[in-house]
Amino acid sequence: MKFKFIAFAACGCWLAFAHPVLAQQTERVPALREKVYGQLARAQEQADNGNLAEGISILGEVAEKADSMNSYERAMMWNFYGFMYYEQGNTKEAINYFEKVVKESPIPESLEKSTFFSLAQLALSDGQFQRAIGFLDQWEGLAEEDEMGKAWVLKAQAYYQADKHREALPLIDKAIAAVDTKNKIPDENWLILKRALHYELEQPDQVAKVMERLVTSYSKPEYWVQLAGVYAQLEQDAKQLAVLEAAHQQGFIETGSEWRQLAQAYYFNELPYKAAETMQEAMSKDKVDASVDNLKFMAQAYTQAKENEKAISAYKKASEKVEHGNFAAQIAQLYLALDNNEKAVEYAKQAFNKGELDNEGNLYLAEGMAQLNLKRYEQAIESFEQAAEIEGAERSARQWLKYAKSQHKQQQQMVSLQ
């Protein structure tokens with residue numbers, strides 16, 4: 001008499017239809033009779049052919065004679081029922097019938113043990129987290145020491161799903177430690193669960209350590225970017241940049257947000273030129289849009305890097321997309337720094353015309369200085385007088401106004417002498 005092993009794929013376990021001779025029991029297990037096995041095999045054949053309803057119907061015929069069956073035969077019948085309901089996607093009924101299996105006694109210990117583990121997995125998948133933990137407790141009473149690792153992981157998952165993160169963490173740690181002692185690499189999903197638990201417990205330092213293991217052992221693009229994000233949260237800017245640069249060299253920087261993260265990391269590490277160039281590259285590759293915010297960031301980075309011409313180009317593109325005059329005001333300031341006073345005056349006037357300025361006083365000061373450099377003293381005086389009326393700019397404005405008036409007076413004296 002030969003029995004099959006049926007894969008219980010969604011739960012990652014096996015439902016074992018074990019030959020009674022192989023069962024090691026202290027209590028004698030009754031035999032599975034040929035007649036009963038033939039009926040169960042007929043039901044399974046229908047299930048294997050996709051006729052689950054017909055298979056369940058055949059089991060119904062077998063169940064009518066349940067009183068005349070021994071404990072092992074009934075257990076196997078419930079086992080078939082459980083499997084078929086699982087195949088139908090009816091998890092609750094599958095659990096119901098697998099529970100019937102373990103209530104039968106005596107049955108082979110191997111069947112009892114595998115059924116408890118399947119029950120735990122099914123309960124977990126059905127959101128019955130506390131029941132899953134209970135089934136695992138019963139399974140542990142039958143399991144060998146070297147089998148405990150898979151229960152620790154499953155229990156940790158159940159506690160995590162039940163929002164009992166502190167209870168879950170020691171279990172997944174035990175599972176990982178057991179693998180570490182054998183110099184093996186922990187399962188990727190175990191590390192992901194550990195990372196999630198530390199995140200929920202607001203332990204960013206521990207999250208970083210887990211991410212470092214994921215990067216080292218599995219090196220997926222998203223792990224590199226996530227590790228960089230954790231370093232940013234920890235304000236470890238140098239580490240964040242190092243990880244992002246390594247990811248970039250491996251071609252792992254793909255999305256627009258990742259490109260922006262890299263550019264910002266350069267900026268925060270006082271590398272504004274690389275920040276701006278990274279954003280420019282991202283735009284040229286259509287990884288990020290030439291949005292107002294992205295252009296503004298690029299312009300500010302170029303300004304910080306003293307690349308005023310490139311900053312002006314970015315600000316001009318940004319200015320075309322907005323109604324306010326703040327970007328035109330920035331352009332005026334940059335042209336003043338480049339000693340291009342005519343352009344400084346031109347963009348100052350454009351900024352005033354557009355309006356909605358954040359710092360009108362500074363713009364009047366810039367316009368006044370440009371006019372002063374062009375020796376247009378009357379226009380300079382007018383600009384400085386305007387600035388002197390604005391809070392925050394009045395002190396500088398009065399000093400420049402005094403100087404502009406003295407220059408104007410000197411100019412008038414020179415004209416009168418001619």
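This is a working chat about one chain in a predicted model.

Colleague: What should I know about the numbering and the model first?
Modeller: Residue numbers start from 1 along each chain as its sequence is written. The model is predicted, so local features need pLDDT of at least 70 and side-chain atom pairs count only at pLDDT 80 or more, while totals for chains, interfaces and linings use all residues; side-chain values use heavy atoms, with hydrogens and water left out.

Colleague: How many helices and strands does the chain have?
Modeller: There are 21 helices and 2 strands. Both are DSSP runs numbered from the N terminus: H or I of at least four residues for helices, E of at least two for strands.

Colleague: Is the chain spread out or compact?
Modeller: Spread out: its radius of gyration is 38 Å, well over the 22 Å that the globule rule gives for 418 residues, so the chain is more spread out than a compact globule. The radius is taken over C-alpha atoms, and the rule is 2.2 Å times the number of residues to the power 0.38. Along the principal axes, the C-alpha trace spans about 135 × 45 × 35 Å.

Colleague: What percentage of the residues count as buried?
Modeller: 47% of the 418 residues. Buried means under 20% relative accessible area, exposed means over 50%, and partly exposed is in between, with a 1.4 Å probe and protein chains only.

Colleague: And what about the contacts?
Modeller: Of the contacts between residues at least 6 apart in sequence, 52% join residues at least 24 apart. A contact here means heavy atoms within 4.5 Å.

Colleague: How many of its residues are buried?
Modeller: In α5, 13 of the 17 are buried, so the helix is largely enclosed by the rest of the structure. After α5 comes Gly127, with a positive phi near 80°.

Colleague: What about α7, how far does it reach?
Modeller: Helix α7 (residues 148-161) has 14 residues and reaches 20 Å from its first C-alpha to its last, close to the 20 Å expected. Of those 14 residues, 10 are buried, so α7 is largely enclosed by the rest of the structure.

Colleague: What covers the buried residues of α7?
Modeller: The cover includes α5, α6 (129-140), α8 (165-180) and α9 (188-200). Among the buried residues are Trp152, Leu154, Lys155 and Tyr159. Asp163 follows α7 and has a positive phi, near 60°.

Colleague: Which other residues have a positive phi without being glycine? I'd like Ser219 and Lys306.
Modeller: Ser219 has a phi of about 45°, and Lys306 has one near 65°. Most residues other than glycine have a negative phi, and most peptide bonds are trans.

Colleague: Where do Ser219 and Lys306 sit?
Modeller: Ser219 is in the loop between α10 (204-217) and α11 (221-233), and is partly exposed at 28% relative accessible area. Lys306 is in the loop between α15 (292-304) and α16, and counts as exposed at 67%.

Colleague: Is Asn308 buried or exposed?
Modeller: Asn308 is buried, with a relative accessible area of 15%. It is in helix α16 (residues 308-319). Leaving out residues up to four places away in sequence, Asn308 touches Thr303, Leu334, Ala337 and Leu338.

Colleague: How far is Asn308 from Leu154?
Modeller: Their C-alpha atoms are separated by 59 Å, and the two residues are 154 apart along the chain.

Colleague: Last one. What does Gln39 touch?
Modeller: Gln39 touches Ile58, Val62 and Lys65, not counting residues up to four places away in sequence. Gln39 is in helix α1 (residues 34-48) and counts as buried at 17% relative accessibility.

Note on methods. The expected span of a helix is 1.5 Å times one less than its number of residues.
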